[in-house]
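Let's take a friendly walk through this structure, starting with the whole chain and then visiting two local spots. Keep the viewer open as you read.

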Amino acid sequence: MTGNPRGTVPQPSHTPRVGIPEQLAARMSMPEQHDYLRTKLSRRGLLRTSAATAGVVAGSGLLAGSAQGVSPTLLSSPATAAVDGSLVAPFGRHLAFGADPKHQMRVSWQVPLAVKRPYLRVGLKPWDLGRKIEAEVRPLHTPSLSAKLPAVQQYYLHAALDGLRPGTTYYYGVGHEGFDPADPRHFSTVGTFRTAPARPEAFVFTAFGDQGVSYHALANDQLILGQNPSFHLHAGDICYADTDGDGSEHDAYDARVWDQFLAQTESVAKSVPWMVTTGNHDMEAWYSPNGYGGQNARWSLPGNGPDAENAPGVYSFTYGNTAVVALDANDISYEIPANQGYTDGRQTRWLDRRLAELRAADGIDFIVVFFHHCAFSTTNSHASDGAVRDAWLPLFDKHQVDLVVNGHNHVYERTDALKSGRVAKKMPIGASVDTTREGIVYVTAGGAGRALYDFPVPDSYEGHVKDLDHVDTYHWSKGQKKTKETVEWSRVRYTGYSFIAVEVTPGRHLRMKVTALAESGERIDHFEVTRTPAQ
């Protein structure tokens with residue numbers, strides 16, 4: 001997984017283009033090839049060629065109503081040529097907290113072609129976007145990886161907002177030379193976000209993993225929006241541009257899927273901070289380092305982990321009375337070892353320190369940890385990764401983590417309350433657990449939109465309970481070995497598209513109410529996490 005800075009990969013020395021003799025194409029630059037095509041092809045033919053290469057961008061804009069109905073304009077000019085900015089609309093807006101959600105927000109977006117002087121406008125009223133901030137451009141080049149895939153040039157833009165007021169709603173718009181979001185013609189593209197409160201108050205967050213691009217994914221997004229969450233956690237396997245997920249340079253990969261995904265997600269992520277971590281399908285070997293060069297181009301995350309450049313999916317933030325820790329299980333996985341050990345133990349040592357700091361901090365009651373590979377799952381597909389149990393479970397128990405959320409298995413499944421991997425308290429639907437003395441519940445929320453997996457036993461969920469004393473399954477051991485096991489902790493199982501919504505209540509009666517919802521809106525599970533206040 002090698003490459004040059006900013007996650008770019010050099011283009012092959014020559015790439016034949018449609019309608020250009022190979023020998024001639026080898027001596028021509030991209031603009032020269034374009035000019036050749038302009039003179040040789042009719043206008044109608046040229047538009048067909050443009051649509052073939054840019055159709056994914058157009059389709060993504062239509063799928064999710066990109067930029068409130070202003071979809072990216074199809075142009076015949078390549079990214080290296082001068083483009084009239086008034087003909088290019090931003091799309092794929094997505095927010096993320098900085099390390100301090102009370103005072104920091106990161107706004108990211110995409111343009112289908114290179115533009116001049118991109119920027120963000122922000123203000124306290126939608127008609128007063130007086131503050132203007134220059135955007136950082138992170139171009140990402142993907143070479144032609146097969147005869148069926150063209151080279152792709154993508155432009156991701158990022159603006160950092162610092163010094164914001166806590167608990168405040170802001171209005172923002174993104175633009176560039178020729179496209180001003182303050183212009184009345186583009187008023188519908190103005191978005192909003194709200195910073196974290198100055199003092200703890202009740203709020204909701206949502207979470208899932210393994211989304212990709214599909215109508216099931218879109219349905220989940222719209223249902224999530226209806227929960228009015230303060231932020232959303234995406235537990236890895238974000239887009240599936242890499243469909244193999246082995247972290248190998250031979251993986252099937254299509255960078256254009258990211259255009260579709262970011263446009264699909266925009267309806268939620270333009271107003272709800274979309275906090276991601278990395279799964280096995282996010283190790284895109286065409287980019288460095290560790291296949292995360294592409295993720296560094298697309299996302300602006302808190303960057304307060306042990307190595308933000310090489311491990312972008314490792315960080316933490318605090319919202320109200322709740323601390324959230326994101327981890328990269330690719331670093332330890334026994335099942336998919338492409339990035340195994342890439343932090344040389346730094347992530348696990350940081351996790352131990354960070355959990356200790358958070359548990360000792362004033363005003364923090366709950367700690368939520370999310371990452372991709374499951375510590376506990378019984379599906380026939382991935383089941384459990386023993387590396388997570390070996391490396392991180394002792395730390396979760398030691399620091400009394402309150403909730404662990406995973407993806408990887410494309411189902412909903414949750415455990416009883418566990419201590420040291422064993423059942424400490426049975427947790428039927430609707431039950432409550434005190435994490436200071438009764439253990440931790442582990443949730444697999446991998447039904448965000450990709451094709452579903454199955455269990456070796458029947459589903460068991462609200463309204464369809466089929467409790468079992470045990471389930472025969474397996475976990476991954478060192479050397480990519482499957483080790484059979486019989487477990488008692490699989491309490492709720494649902495084969496369907498779903499996500500979780502967590503309602504956090506501060507005060508004397510500390511509570512996290514966790515609800516699992518199917519894409520139909522039907523409740524499939526609920527339970528409560530409490531803490532006994534320290535004396």
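Predicted model: local features only at pLDDT ≥ 70, side-chain atom pairs only at ≥ 80, totals over all residues.

The protein chain has 535 residues, and 58% of them are buried. Its secondary structure consists of 10 helices and 27 strands. If you count contacts between residues at least 6 apart in sequence, 71% of them connect residues at least 24 apart. As for the surface, the protein chain exposes about 20800 Å², with carbon and sulfur atoms supplying 50% of that area.

Now turn to strand 12, which covers residues 315-319. This strand is mostly covered, with 4 of its 5 residues buried. Its partner here is strand 13, residues 322-326; the two run antiparallel and are joined by 5 bridges. Together, strand 12 and strand 13 make a hairpin with 2 residues between them. In that turn you will find G320, which has a positive phi of about 60 degrees.

Our last stop is D434, in strand 20, which spans residues 432-434. Is D434 buried or exposed? Its relative accessibility is 6%, and buried means under 20%, so D434 counts as buried. What does D434 touch, once neighbours within four places in sequence are set aside? Its contacts are then G439, T530, R531 and T532.

Key: Residues numbered from 1 in each chain as written. Heavy atoms only, no water. Buried < 20%, exposed > 50% of the residue type's maximum accessible area, 1.4 Å probe, protein only. Contact = heavy atoms within 4.5 Å. Pairing = 2+ DSSP bridges. Areas by Shrake-Rupley, 256 points an atom, 1.4 Å probe, with all protein chains shown as cover.
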